[in-house]
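Hello,

Here is the structure for you to look at. Please open it first, then read my notes below.

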Amino acid sequence: MGNKSLVALVAGLVLALVAWNSFYIVAETERAVLLQFGRIVQPDVQPGLHVKLPFISKVRIFDGRLLTDDAPTKRFLTLEKKAVMVDAYAKWRIKSAEVYYKATSGNREIAEQRLSQRLESGLRDQFGKRTLHDVVSGERDGLMAEITKQLNTTVGDELGVEVLDVRVKAIDLPKEVNRSVFDRMSTEREREAREHRAKGNELAEGIRADADRQKRVLLAEAYREAEEARGDGDAQAAAIYAKAYGQDQEFYAFYRSLRAYREAFASKNDVLVLDPNSDFFKYLQKSKP
């Protein structure tokens, strides 16, 4: 390879390197600033292909999409001085690339750290103005809206970012309080259980007493009906006997004597001592030849 070819090759490489350092691209999802000797010369570079001075100008590109700052769980006091553990997050994005770079040097971790501090201060202020019921359910949406508005009044000028939304993921009691609350709830539930059992036993005793009373009434009524039926039967039987006796008194007396003989001599082991001239044997005496 000749000297001319070597020079041409080196010149081509230098031109390629210069061209490579002269062009840069900013995507639609990115924000950028153009620096020259460390000083911002173009604060908000629009998306697209751009040209810069090689080796002199420098481009800092940042993520311009919607980002999430997940703040660590913190302890706050409500209006009635009740401690709660709050886990929250904020949705934010870069509003001014120039301010963002000056405040954080383009470091996202620094931006999120400072945003978390502002978020913690806003939560502490808003929780201190509300009761536990308000922050849990009553005014939760209003609380989030006020914190978002409060953050935007500070972080916009300080950090060059815009907070779009703040949300509370969870509100819990501190661990040292959870146990006492659980014990109190357990005691309360046991008391309610004892009351329910006492009411149940009282109701059961009433049901059993009523069942026993109904049983006695039913048995008494059944016995009364049985006695009435038995009395009616005896009366009807007596009437039938009386009617039959009235039709033929001699035959009825004879029939009753035969039944008496059958019952008296039903067993061979029975012993009966009577006068032979007794009326008991009058039909036997008449039967003699």
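**What was found**

Leaving out neighbours within four places in sequence, Pro-47 is in contact with Val-26, Ala-27 and Glu-28. Contact means heavy atoms within 4.5 Å. Pro-47 and Val-26 are 21 residues apart in sequence, yet 4.6 Å apart in space, C-alpha to C-alpha. Pro-47 sits in the loop between strand E3 (39–45) and strand E4 (48–51). Helices (H or I, at least four residues) and strands (E, at least two) are DSSP runs, numbered from the N terminus. Pro-47 is partly exposed, with a relative accessible area of 33%. The cut-offs are these: buried is under 20% relative accessible area, exposed is over 50%, and partly exposed is in between (1.4 Å probe, protein chains only).

A word on the source: this is a predicted model, where local features need pLDDT of at least 70, side-chain atom pairs count only at pLDDT 80 or more, and totals for chains, interfaces and linings use all residues. Residues are numbered from 1 along each chain as its sequence is written, and side-chain values use heavy atoms, with hydrogens and water left out.

Next, the aromatic rings. Rings of Phe, Tyr and Trp (its six-membered ring) pair if their centres lie within 6.5 Å; planes under 30 degrees apart are stacked, over 60 edge-to-face, and the rest tilted. By this rule there are four aromatic pairs. One of them is stacked: Phe-62 and Tyr-101, at 6.3 Å centre to centre with 25° between the planes. This pair links distant parts of the chain, 39 residues apart. Phe-62 is in strand E5 (residues 57–63), and Tyr-101 is in helix H2 (residues 97–104). Both residues are buried. Trp-92 and Tyr-100 form a tilted pair, at 6.5 Å centre to centre and 35° between the planes. Trp-92 and Tyr-100 are buried too. Phe-62, Trp-92, Tyr-100 and Tyr-101 form one aromatic cluster.

Now a charged residue. Which strand holds Asp-69? Asp-69 is in strand E6 (residues 67–70). Asp-69 is buried yet has no salt bridge. A salt bridge is a side-chain nitrogen of Lys or Arg within 4 Å of a carboxyl oxygen of Asp or Glu. The nearest side chain of opposite charge, Arg-108, is 7.9 Å away. Lys and Arg count as positive and Asp and Glu as negative; His and the chain ends are not counted. Beyond four places in sequence, Asp-69 touches residues including Trp-92, Glu-112 and Leu-115.

Best wishes
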